[in-house]
Amino acid sequence: MAQHERYALIGTGSRAGMYISAMSGTVLGAEHVDGIADLVAWCDVNPGRLDVYEREVVETGHPGPVRYGVDDLERMISEERIDRVVITTPDFTHAEYVVRALRAGADVVVEKPLTIDAESVRRIGEAIAETGREVITTFNYRYSPRNSTLRQVIADGRIGRVTSVHFEWALDTVHGADYFRRWHRQKENSGGLFIHKASHHFDLVNWWIQAVPVRVFASGGLRFYGAENAEARGLGDRPERGTGTSGDPFALDLAGDPRMKELYLDQEHHDGYLRDRDVFDAGITIEDNLAALVDYDSGATLSYSLNAHAPWEGYRVTVNGTEGRAELEVVERGAVLIGEDGRVVVDPSMHPDASVVDEVRPHSERLVVQRHWEGAEVVPVPEGIGSHGGGDAYLLDHLFRRVTDDAPLGRVAGYADGVRAVSVGIAGNRSLETGQPVLIRDLELGI
Ligand SMILES: NC(=O)c1ccc[n+]([C@@H]2O[C@H](COP(=O)([O-])OP(=O)(O)OC[C@H]3O[C@@H](n4cnc5c(N)ncnc54)[C@H](O)[C@@H]3O)[C@@H](O)[C@H]2O)c1
């Protein structure tokens, strides 16, 4: 029986919504969280976003969490007797809050990525060693049924011992573009997509093949977004921001989406945070095309690529083994289509041409296993609940109940998993800088 715990949350942006609504009983159902997880305090640098979430929590019949300033994190933890702090702030702030929360006497749940560079991983490791407290990074992708089923196929030995993995992730001009509009677009804020986005993917591979990455060689660059690329392609003058413009498929209109409006547009006057800046701005320092070769301690190799301006969104992964091969193909959005107003229609099924597009690339997932000397077999993927391919609800349930043994899948990620997931991206970033392969042990990440 899980014990009753008191939670605080830092950073009430869009990702925080999943945790807040879970603790208010609206995601999992009250029976999952009542008497287990109470959200009693929170902080954010923007009081307007706290107001939005406070209204929603109070509407569920729960008391509004007590509000603290970010400088008063330690006082919040002691006065409110906090057991666990959930950190959902921008990536570059994670390490500071993790360390402060641990030292003030709380365990930590931190959104991925754990942090963005080697020095801050070491700081977190020191604080854990000093306090003996727990830090969990949440990896929701492990929980999506298709990814869990691939784990099961490999664990069951159906393809033998894994020798190599080929993994391609395509982010489209809706989702991919979004990393170039706000804080993610600066490497010092997000570590770039090798850390911010691919830590999900590297965690999946580490977990799928149950191996530890040891060496990384990377290549990549900013080849589509950013001012220089726009100029080279003759895109002409660009607006500073998407809201208020028309006829531009790269423009995000905050006013056109009630949630975006109340969380971001209406709160700009507090902190000047523009959620909809132009993806072809000058000063973008992250890559939009990335590739990596990763060696594992098991002898397996990963070849990985990420593209952030694809016309469709999804991923393909091939796992080669001594007895056969598993192939997972996922289409999350078959096309990015433009409506009559020149803006993107985010849900292609709402577009008049949807049926034509869907015939070629329908929203789909397909897991195929083929053993040597046998025909290919489609492996059924059970239906999921929640978002992120059906992962979030299971993740939240395990998180709040502090489940540690999720045999046989082992989906619950520990601190070492969080470090290993960012270790590939940290090594990848160093390889991009030096042009050389990087040994992960040379990063001295303390695991
Ligand atoms: N697991 C996933 O699939 C997933 C999905 C989305 C985001 N995330 C992660 O969640 C985190 C938040 O992402 P988001 O999209 O909600 O970002 P966001 O910018 O929308 O929200 C961040 C919030 O933190 C606040 N903030 C900024 N600086 C702060 C500071 N120094 N101290 C306290 N609060 C501060 C902002 O005001 C904002 O309310 C990121 O680490 C991101 O990587 C994970």
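Predicted model: local features only at pLDDT ≥ 70, side-chain atom pairs only at ≥ 80, totals over all residues.
The domain assignment divides the chain into domain 1, which spans residues 5-138, and domain 2, which is put together from the segments 141-224, 284-383 and 414-443. Between the C-alpha centres of domain 1 and domain 2 there is a distance of 28 Å. Where the two domains touch, 18 residues of domain 1 are in contact with 17 residues of domain 2.

The area buried between domain 1 and domain 2 comes to about 1400 Å², and carbon and sulfur atoms account for 63% of this area. On the side of domain 1, the residues D91, K112 and I116 together supply 33% of the area that this domain buries against domain 2, which is more than any other three residues supply.

Turning to secondary structure, the elements that give two or more residues to the side of domain 1 touching domain 2 are the helix α6 (118-131) and the strand β6 (135-138). Of the elements on this side, α6 provides the largest share, with six residues. Sorted by class, the side of domain 1 that touches domain 2 holds 11 nonpolar residues, together with three polar and four charged ones.

Terms used
Residues numbered from 1 in each chain as written. Heavy atoms only, no water. Domains from an automatic or database assignment. Contact = heavy atoms within 4.5 Å. Buried area = accessible area lost by both parts, 1.4 Å probe. Helix = DSSP H or I, 4+ residues; strand = E, 2+ residues; numbered from the N terminus. Nonpolar A, V, L, I, M, F, W, Y, C, P; charged D, E, K, R; others polar.
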